[in-house]
Amino acid sequence: MPLEIFSNSKKLILDTLFPINCLSCQKSNYWLCDDCWKKIATLSSQVCPYCEKNISTSGKICSYCRSQLIARNQPDFLDALIVATHYSKNNLARLIHIYKYNFITELASPLAKIMVTALLKNHLPLPDLIIPIPLHPRRLRWRGFNQAELLAKELKNTLLPGFPLILRNDLIIRKKYTSPQMKIKNYAQRKQNIKNIFFVPSKKNNPLQNKTILLVDDICTTGSTIMESAKILKQAGAKKVFGIVIARQEQ
Ligand SMILES: [Zn+2]
Ligand SMILES: [Zn+2]
């Protein structure tokens, strides 16, 4: 049997045994059909990533949190966090779950499109480097792909059409295997869970020095994973660190 016919019949058999339908309108053969993807709107406003309450321009730190940090003589590590869309609307939570736990990597492209729209809308500076939040090698082996890295690859190729940006997945390493943040309900425990789990390996001619970084993750909960990554990137010499996630999971 020619390969193409075999592969078509295999698809036919799979589609018959496990039909998929658009989660929103039930149209067949889509996890979400094009029309329903288009209905996913980006957030109309962003909040401060530190207090997660005050509305702020482009997800930057609010003046209240800035004054608190200054009073405590603490630097602000994360310059802004953009949350692209609502977690609980338009089947988004379900789509992200299918992407990560049913391993449907083709969802990276439409999900990243929502991130690109949100980034352009918020006028953040173009990054010198795009860095996905790393997985621990054990989880990477289990899943077979880093969901944040696939999104980052899409951003790298589509943020500035025709001019691919630079993606680096070797500048920040996850050294501790931790429980997924979403499984931990207590805020303080989440902060503790993520503390000191990353490190920046030393490289010749520090590639982070004076660079503007865009950190990419699929979802955030308290934002502590992105905050912790931003902290060590700044400590290693980065000039600005911005973050982008598809959505913030409600607690
Ligand atoms: Zn649909
Ligand atoms: Zn704030």
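Predicted model: local features only at pLDDT ≥ 70, side-chain atom pairs only at ≥ 80, totals over all residues.
Residues are numbered from 1 along each chain as its sequence is written, chains are lettered from A and ligands numbered from 1 in the order in which they are written, and side-chain values use heavy atoms, with hydrogens and water left out.

The overall picture comes first. The chain contains 9 helices and 8 strands; these are DSSP runs numbered from the N terminus, with helices (H or I) of at least four residues and strands (E) of at least two. Of the 251 residues in the chain, 47% are buried, a word that here means under 20% relative accessible area, with exposed meaning over 50% and partly exposed in between (1.4 Å probe, protein chains only). Among contacts between residues at least 6 apart in sequence, 72% join residues at least 24 apart, where a contact means heavy atoms within 4.5 Å.

Next comes the sheet. Four strands form an open sheet in the order E3-E8-E7-E4, with parallel pairing; two strands pair if DSSP finds at least two bridges between them. The edge strands, each pairing on one side only, are E3 and E4 (129–132). On average, and ignoring direction, neighbouring strands of this sheet are turned by 25 degrees against each other. Strand E8 (residues 240–248) is mostly covered, with 8 of its 9 residues buried. Its parallel pairing with E3 (residues 80–85) runs over 5 bridges, and its parallel pairing with E7 (residues 212–220) over 8 bridges. Individual bridges can be followed in the structure: Leu 81 is partnered by Gly 243 of E8, Thr 85 by Ala 247, and Thr 212 by Lys 240.

Helix H9 (residues 224–235) lies across E3, E4, E7 and E8, running at about 160 degrees to E7. Such angles run from 0 to 180 degrees between N-to-C directions, and axes are lines fitted to C-alpha atoms, for helices over the stretch in contact.

Two helices can then be viewed as a pair. Helix H4 (residues 92–101) packs with helix H5 (residues 108–121) at an angle of about 135 degrees, their axes lying 11 Å apart. H4 is therefore oblique to H5, since angles under 35 degrees count as roughly parallel, over 145 as roughly antiparallel, 65 to 115 as roughly perpendicular and the rest as oblique. On the H4 side, Leu 92, Ile 96 and Tyr 99 meet Ala 108, Leu 111 and Ile 114 of H5. The residues of this contact comprise 6 nonpolar, no polar and no charged; Ala, Val, Leu, Ile, Met, Phe, Trp, Tyr, Cys and Pro count as nonpolar, Asp, Glu, Lys and Arg as charged, and the others, Gly among them, as polar.

Pro 49 sits in the loop between strand E1 (46–47) and strand E2 (55–56), and it counts as buried because its relative accessibility is 4%. Leaving aside residues up to four places away in sequence, Pro 49 touches Gly 59, Lys 60, Ile 61, Leu 78, Leu 81 and Met 227. The C-alpha atoms of Pro 49 and Thr 222 are separated by 8.6 Å, although the two residues are 173 residues apart along the chain.
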